[in-house]
Amino acid sequence: MDPRLTAEFVDFTSPIFVADVDNAKIEGSKVTVNCMLKDDWKEHIDELATTSMVVHGNGILKAEDFQVGDVLSTTGHIEVTAGIMSLYLPANVVNTLEVKRVGNLTITKVAEGAAIGSNDAFDLTVRLSDETITGNYGDLNFENGVAHATIHIGETLTAEELPAGVSYTVTEDSTSYEYVTTYENAEGTIEENQTSEVKIINTYNVGSLLITKTVKGIKTTEKFKIMIRLNEEINGYYNDILFENGIGYIELADGEEYVIDNLPSGINYLIEEVDVDETKYEVTYKNSRGMIGIDETVNIEVINTYQTKAPDTGDYSGIYYWVAIMFVSAVAVGFAVYKKKKIY
């Protein structure tokens with residue numbers, strides 16, 4: 001039986017027909033019920049083995065509208081009131097079928113902007129105005145009119161046979177620094193025999209960092225470790241760099257550069273060289289801190305200048321030590337010259 005036909009014929013006492021309710025069909029406002037002749041009639045009217053009665057929803061079909069043997073298509077009708085169809089069959093017996101007026105709801109997830117993997121998952125919530133709705137409706141499981149689900153990029157979820165006239169609201173629960181979320185038809189009403197289509201659009205807003213390493217004053221193939229610190233606790237790989245709680249590291253030699261793509265726009269960054277030998281190199285930067293703009297590539301340079309003399313540490317105690325040594329040495333040399341002259 002069509003799942004929208006929720007009640008069987010009642011009190012069907014026709015002496016001629018047996019209604020095949022299990023195979024009843026409905027298309028829009030049209031119901032088709034096949035009625036089989038009873039065995040004791042078949043021997044008299046073999047040619048009427050099956051009579052298909054097709055009825056429409058704008059009137060009343062009565063027994064006097066047809067004779068036994070007619071195949072009804074447009075000669076009779078049914079009465080439709082508040083979702084109940086009253087069907088009149090031979091022997092003037094009234095029989096009822098309750099028709100659930102239903103429609104469907106689809107939710108599609110799409111992404112725009114940078115390339116996005118289909119494994120990206122997002123949580124969403126569907127709320128219906130009828131809080132009595134509970135159970136599985138296609139891909140969605142409702143409890144008291146609310147369904148929670150997970151959807152992936154490029155996926156479509158369908159809620160099947162929701163009651164017509166019920167209102168719905170679709171919202172995305174997941175938040176991501178990479179995305180700006182917009183909707184099409186996020187709110188509406190389920191229409192009978194129609195599919196309401198909701199689209200959730202995530203625009204991927206990102207930028208990039210281009211880090212260049214320069215060494216001055218010496219030729220070297222030495223690698224230098226550079227830390228990238230973001231002000232959001234981002235985790236995962238961006239290119240080949242693993243970020244943990246917003247911190248990642250790269251190693252670059254003189255003349256090398258590295259681009260970190262698809263970083264969320266709107267976040268701040270800080271670049272700092274770590275584990276550097278300050279007795280050998282002075283480290284300076286260009287654009288070492290700032291904010292990543294939408295579709296922007298920030299050019300950053302980390303410059304190491306080789307120091308040809310020891311850096312000024314501010315500790316002058318060694319100077320006095322060497323002055324004292326020189327004074328003692330001078331005195332000793334003078335004494336030796338004096339003594340030699342005296343001997344001669």
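This is a predicted model: local features need pLDDT of at least 70, side-chain atom pairs count only at pLDDT 80 or more; totals for chains, interfaces and linings use all residues.

Guide: Residues are numbered from 1 along each chain as its sequence is written, and side-chain values use heavy atoms, with hydrogens and water left out.

Visitor: Why is the contact between Lys213 and Glu273 called a salt bridge?

Guide: The rule asks for a side-chain nitrogen of Lys or Arg within 4 Å of a carboxyl oxygen of Asp or Glu. Here N to O is 2.3 Å, so the pair of Lys213 and Glu273 qualifies. Lys213 sits in strand 17 (residues 206–216) and Glu273 in strand 23 (residues 268–274), 60 residues apart. Strands are DSSP runs of E, at least two residues, numbered from the N terminus.

Visitor: How many salt bridges does that rule give?

Guide: Five.

Visitor: What makes Lys213 count as buried?

Guide: Buried means under 20% relative accessible area, exposed over 50%, and partly exposed in between (1.4 Å probe, protein chains only). Lys213 has 0%, so the label is buried. Glu273, at 6%, is buried too.

Visitor: Is Glu222 buried, partly exposed or exposed?

Guide: Its relative accessible area is 31%, so Glu222 is partly exposed. Lys280, at 30%, is also partly exposed.

Visitor: How do you know that Glu222 and Lys280 form a salt bridge?

Guide: Their closest N and O atoms are 4.0 Å apart, and the pair is counted as a salt bridge. Glu222 lies in the loop between strand 17 and strand 18 (224–230), and Lys280 in the loop between strand 23 and strand 24 (281–286), so the pair ties together parts 58 residues apart in sequence.

Visitor: What makes Glu301 and Lys286 a salt bridge?

Guide: N to O is 3.6 Å, so the pair meets the rule. Glu301 belongs to strand 26 (residues 297–306) and Lys286 to strand 24, so parts 15 residues apart in sequence are tied together. Lys286 is partly exposed, at 48%.

Visitor: Why do strand 9 and strand 15 count as edges of the sheet?

Guide: Six strands form an open antiparallel sheet in the order 9-10-11-8-13-15. Strand 9 (135–137) and strand 15 (187–189) each have a single partner strand, so one side of each lacks a neighbour in the sheet.

Visitor: How do you know that strand 8 pairs with strand 11?

Guide: Pairing takes at least two DSSP bridges between two strands. Seven bridges join strand 8 (residues 121–128) to strand 11 (residues 146–152), so the two antiparallel strands pair. Leu124 has Ala149 of strand 11 as its bridge partner.

How values were computed:
Helices (H or I, at least four residues) and strands (E, at least two) are DSSP runs, numbered from the N terminus.
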